[in-house]
Amino acid sequence: MKLIRTIDAEGAVLCHDITQIIKGVTKDAVFRKGHIVTKEDIPVLLSVGKDQLYVWEKQEGILHEDEAAEILCRLCIGPGPQENTLDENAAAEAPVKNMERSRAKEGKIEITAACDGLLKVNRAGLKAVNSFGQMMIASRHGGFPVKTGDKLAGTRIIPLVIEEEKMAAASEACMAVTGGRPILSLHPFVHKKAGIVTTGNEVFYGRIEDTFTPVVEAKLAEYDTEIIAREMWNDDNEKVTAAIMRMIEAGADIVCCSGGMSVDPDDRTPLAIKNTGARIVSYGAPVLPGAMFMLAYYEVKDGPNPRTVAIMGLPGCVMYARRTIFDLVLPHVMADDEITAGDLSSLGEGGLCLSCPVCIFPNCGFGKGH
């Protein structure tokens, strides 16, 4: 750093905080370390008794914190329209960002959602950067829905300056594990047509009231969905299979089958889903409540509306528990993010929802007494 006169400080970078003290009014930093002095700042600096300043002296191979934050931001969301790509091969495949970023301020850049959608985080890329030390990217948990304007991540380095070589090494390590793709991606929710098949002898024959369908409808209503069909059947797998196929033929993008998901001999919903010819992803998930969940995809290849239909077998817990496996999977379905068996198996970490003291799901009531 070097010492300069304050009246000559326009464009210089402060090496320390500048505190303003007004008795009974304020005692706080009027300018923070790393602030770039403007012409308008000079009278303020003089008014707090700063006729001279220690400022950062640009050195070859050394980056200011704002410059380093820009590099971290590019690793998170990819380059801007005027910037070079992270990776020429991966850039063409990069998802639409749907994210906004702040200007670098005091070495920090904040990233926010520009639409409602599903946030995904490449954990390996995030860890690769944060493992270098002297730099950080902090993000929300991936795999959960976010709203427009929600903060998604923040980037900064810890010191005022950092070696350019170190930032290059962190970038290289990150891209090596992400394949050159950004750490963050935000997949917007899309409009879906849904069908609901309610199963169970006890409901079909009027022995008990159907309390399952209203819950599923309410869950779907949290997103941009249109329920195009509702059917109720007893535990007859052939009738349930036929109902699913009718809904698909009517244009459904999602079919939710409620009930009949256990290993009880009267529960035939898994067989009914299998008999549609759909590709079964998993019967069972490492989440409580929701272990007896089933997910399958049916490919509609012919006709005017080719698409992939998500068929979900919902266990009984969806009827009474506030948040279940259904809430974890539905955002992916609504964002056209196809789920694999590996994705479901990874839900085991954090899958004991009822026992989680601080739930990461937005507005979740588990363990909070409401």
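Reader: Hi! What does the side chain of His-332 make a polar contact with?
Author: Hello! In this predicted model, the His-332 side chain makes a polar contact with the side chain of Asp-337, at 2.8 Å.

Reader: Nice. Which helix does His-332 lie in?
Author: That would be helix α11, which covers residues 325-334.

Reader: And is His-332 buried or exposed?
Author: His-332 has a relative accessible area of 14%. The cut-off for buried is under 20%, so His-332 counts as buried.

Reader: Which residues does His-332 touch, leaving out those up to four places away in sequence?
Author: His-332 touches Leu-118, Gly-143, Ile-339 and, once again, Asp-337.

Reader: Switching topic: how do the axes of α2 and α5 cross?
Author: The axes of α2 (residues 65-77) and α5 (residues 164-178) cross at roughly 5 degrees and come within 11 Å. Angles under 35 degrees count as roughly parallel, so α2 is roughly parallel to α5.

Reader: Which residues make that contact?
Author: From α2 there are Ala-68, Ile-71, Leu-72 and Leu-75, and from α5 there are Met-167, Ser-171, Cys-174 and Met-175. Seven of these contact residues are nonpolar, one is polar and none is charged.

Reader: Good to know. What is the mean pLDDT of the chain?
Author: The mean is 87, and 89% of the residues reach 70 or more.

Reader: Where does pLDDT stay under 50?
Author: One such stretch is residues 84-96, with 20 contacts beyond four places in sequence in the model. Residues 365-370 are also below 50, and that stretch has eleven contacts beyond near neighbours in sequence. Where pLDDT is low, the predicted coordinates should not be read in detail.

Note on methods:
Residues numbered from 1 in each chain as written. Predicted model: local features only at pLDDT ≥ 70, side-chain atom pairs only at ≥ 80, totals over all residues. Heavy atoms only, no water. Helix = DSSP H or I, 4+ residues; strand = E, 2+ residues; numbered from the N terminus. Buried < 20%, exposed > 50% of the residue type's maximum accessible area, 1.4 Å probe, protein only. Polar contact = N/O pair within 3.5 Å; in protein donor to acceptor, adjacent residues only side chain to side chain. Contact = heavy atoms within 4.5 Å. Axes fitted to C-alpha atoms, helices over the stretch in contact; angles between N-to-C directions. Parallel < 35°, antiparallel > 145°, perpendicular 65-115°, else oblique. Nonpolar A, V, L, I, M, F, W, Y, C, P; charged D, E, K, R; others polar. pLDDT = per-residue confidence, 0-100.
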